[in-house]
Amino acid sequence: MGADTTAAKVVEAPPPTPLNLKSRLAATPRRAPTYSVRVRNTAGQEVTLADPRATRALVALMNIHAVQGGAACHWGGPAAFAEINAAIHGILFATQSREWHEAFNYVNDAGHTENGLYALRANYGFDGMTFEDLKGFRSLTSKLTGHGESHLNPEGVLLSNGPLSSAVGQAQGLAMADRVAGRDRATILVMSDGASMEGEAKEAFAAIPVSPPRAG
């Protein structure tokens, strides 16, 4: 049987059309944090952030309620991330003319620090959350689970955080998808040093494109 030497026709794939799905994440808070601090950004401007000391105090109180209810919890992780998340949320919630989640994807890979996010966001009144709501942390009737679960708390969690580093590749995928779709949105990933040692994270790191150095 002779070889088929017919010239193949060029097939032009249609451009990808992004899905237009309504986000279930809660809207940008309209008020300043109840407990706040004033800091200067790199431009020398004063900005208001949630006070990291309040985050630590609220996490400690949440954990007391959780332990008394028979649940395990963390303090070190959310305490260590308090300043980082205060600064990040100051940027997220300063978004003008559109909702914060239309300008940013916020992904928390360090699931054991999720209670710090609950505390910080209650300080803002995010999604109508109050300090009283924090007392239910890890209870059967609360959506404030030990690790963030998007199916239980879609108003506050974009991606569920399970095994360490599992969200690194997912965050990378979100960033690539926004680039392909032509969306003006940045993806911010919070991860721990422990996650950095996982194989999934190393694979994702290896796939990050590096821009060539500029001439001159």
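Ser97 lies in the loop that separates α3 (82–92) from α4, where helices (H or I, at least four residues) and strands (E, at least two) are DSSP runs numbered from the N terminus. This is a predicted model, in which local features need pLDDT of at least 70 and side-chain atom pairs count only at pLDDT 80 or more, while totals for chains, interfaces and linings use all residues. Residues are numbered from 1 along each chain as its sequence is written, and side-chain values use heavy atoms, with hydrogens and water left out.

**Overall architecture**

- The protein contains eight helices and four strands, and along the sequence these follow the pattern β-β-α-α-α-α-β-α-α-β-α-α.
- Taken along the principal axes, the C-alpha atoms fill a box of roughly 80 × 45 × 35 Å.
- Of the 216 residues in the protein, 38% are buried, a term that means under 20% relative accessible area, with exposed over 50% and partly exposed in between (1.4 Å probe, protein chains only).
- Among contacts (heavy atoms within 4.5 Å) between residues at least 6 apart in sequence, 64% join residues at least 24 apart.

- Most residues other than glycine have a negative phi.
- Ser97, although not a glycine, has a positive phi of about 70 degrees, and this serine is exposed, with a relative accessible area of 81%.
- Ser165, in the loop between α5 (114–124) and α6, likewise has a positive phi, near 80 degrees, but this residue is buried, with a relative accessible area of 1%.

**Helix α6 and its surroundings**

- Helix α6 (residues 166–181) has 16 residues and reaches 23 Å from its first C-alpha to its last, close to the 22 Å expected at 1.5 Å a residue, where the expected span is 1.5 Å times one less than the number of residues.
- The buried residues of α6 are Ser166, Ala167, Val168, Ala171, Gln172 and Asp178, and what covers them includes β3 (104–108), β4 (186–190) and α8 (199–206).
- The axes of α6 and α8, which are lines fitted to C-alpha atoms over the stretch in contact, with angles running from 0 to 180 degrees between N-to-C directions, come within 7 Å and cross at roughly 25 degrees.
- That angle makes α6 roughly parallel to α8, since angles under 35 degrees count as roughly parallel, over 145 as roughly antiparallel, 65 to 115 as roughly perpendicular and the rest as oblique.
- On the α6 side the contact is made by Ser166, Val168, Gly169 and Gln172, and on the α8 side by Glu200, Ala201, Ala204 and Phe205.

**Strands β3 and β4**

- Strand β3 is mostly covered, with five of its five residues buried: Phe104, Tyr106 and Asn108 lie on one side, and Asn105 and Val107 on the other.
- Strands β3 and β4 run parallel and are joined by five bridges, two strands being paired if DSSP finds at least two bridges between them.
- Within that pairing, Tyr106 has Ile188 of β4 as its bridge partner.

**Glu102 in α4**

- Glu102 belongs to helix α4 (residues 100–103) and is partly exposed, with a relative accessible area of 39%.
- Leaving aside residues up to four places away in sequence, Glu102 touches Asp184 and Arg185.
- Glu102 and Asp184 are 82 residues apart in sequence, while their C-alpha atoms are 8.3 Å apart in space.
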